[in-house]
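Reader: I am new to protein structures. Could you show me how to read one, feature by feature?

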Amino acid sequence: QVQLVESGGGLVQAGGSLRLSCAASDRTSTTRIMAWFRQAPGKEREFVAGISRNGRNTNYAGSVKGRFTISRTNAQNTVYLQMESLKPEDTAVYYCAARWRYSTVTPPASGNEYDYWGQGTQVTVSS
């Protein structure tokens with residue numbers, strides 16, 4: 001069983017920045033596709049960003065492209081989400097996800113393509 005633990009959420013003013021971290025308990029997760037999703041109150045979970053096994057391929061939702069950056073350090077089994085120019089509509093619980101099945105070139109945007117999930121971390125952006 002793989003455990004994913006997110007951290008770094010909090011309250012920030014619009015225009016501010018936050019950095020989320022996701023630490024995986026299993027060292028083999030260094031070879032897995034990882035992603036960030038978010039869910040706002042009353043809304044469905046949505047894809048935010050994904051990163052390939054070697055970190056060379058990334059995929060972003062249109063709403064965050066140019067503002068958010070996903071990265072990973074395989075030696076530390078950690079995936080990051082650097083969030084800049086935050087907007088109130090970015091307010092949500094952010095979840096880290098890991099894909100354990102066969103790899104793909106582009107990180108999938110569907111939550112059904114991921115096998116393990118973290119408990120989530122709250123991000124609140126005030127206007």
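Author: We will take salt bridges first, then turn to one residue in a strand. Keep in mind that this is a predicted model.

Reader: How many salt bridges does the structure hold?

Author: The general idea is a charge pairing: a side-chain nitrogen of Lys or Arg within 4 Å of a carboxyl oxygen of Asp or Glu. The structure holds six of them. Start with D90 and R67. Their side chains meet in a salt bridge, with 2.8 Å from N to O.

Reader: Where do D90 and R67 sit in the chain?

Author: D90 is in the loop between β8 (78-83) and β9 (92-99). R67 is in the loop between β6 (58-60) and β7 (68-73). The two are 23 residues apart, so this pair links distant parts of the chain.

Reader: Is D90 buried or exposed?

Author: Use the cut-off: buried means under 20% relative accessible area. D90 has 1% relative accessibility, so D90 counts as buried. R67 is at 11%, and therefore R67 counts as buried too.

Reader: Which residues pair with R101?

Author: E113 forms a salt bridge with R101, and the closest N and O atoms are 4.0 Å apart. E113 and R101 both lie in the loop between β9 and β10 (116-117), so their pair ties together parts twelve residues apart in sequence. R101 also forms a salt bridge with D115, with the closest N and O atoms 2.6 Å apart. D115 lies in that loop as well, so this pair ties together parts 14 residues apart in sequence.

Reader: Now the strand residue. Where is T121 found?

Author: T121 is found in strand β11, which covers residues 121-126. Its relative accessibility is 11%, so T121 counts as buried.

Reader: What is T121 in contact with?

Author: Skip its neighbours within four places in sequence. T121 is then in contact with E6, S7, G8, G9, L20, A92, V93 and Y94. Look at G9 in that list. The backbone nitrogen of G9 lies 3.2 Å from a polar atom of the T121 side chain.

Conventions: Residues are numbered from 1 along each chain as its sequence is written. This is a predicted model: local features need pLDDT of at least 70, side-chain atom pairs count only at pLDDT 80 or more; totals for chains, interfaces and linings use all residues. Side-chain values use heavy atoms; hydrogens and water are left out. Helices (H or I, at least four residues) and strands (E, at least two) are DSSP runs, numbered from the N terminus. Buried means under 20% relative accessible area, exposed over 50%, partly exposed in between (1.4 Å probe, protein chains only). A polar contact is a pair of N or O atoms within 3.5 Å; within protein, one must be able to donate a hydrogen and the other to accept it, and residues adjacent in sequence count only if both atoms are side-chain atoms. Contact means heavy atoms within 4.5 Å.
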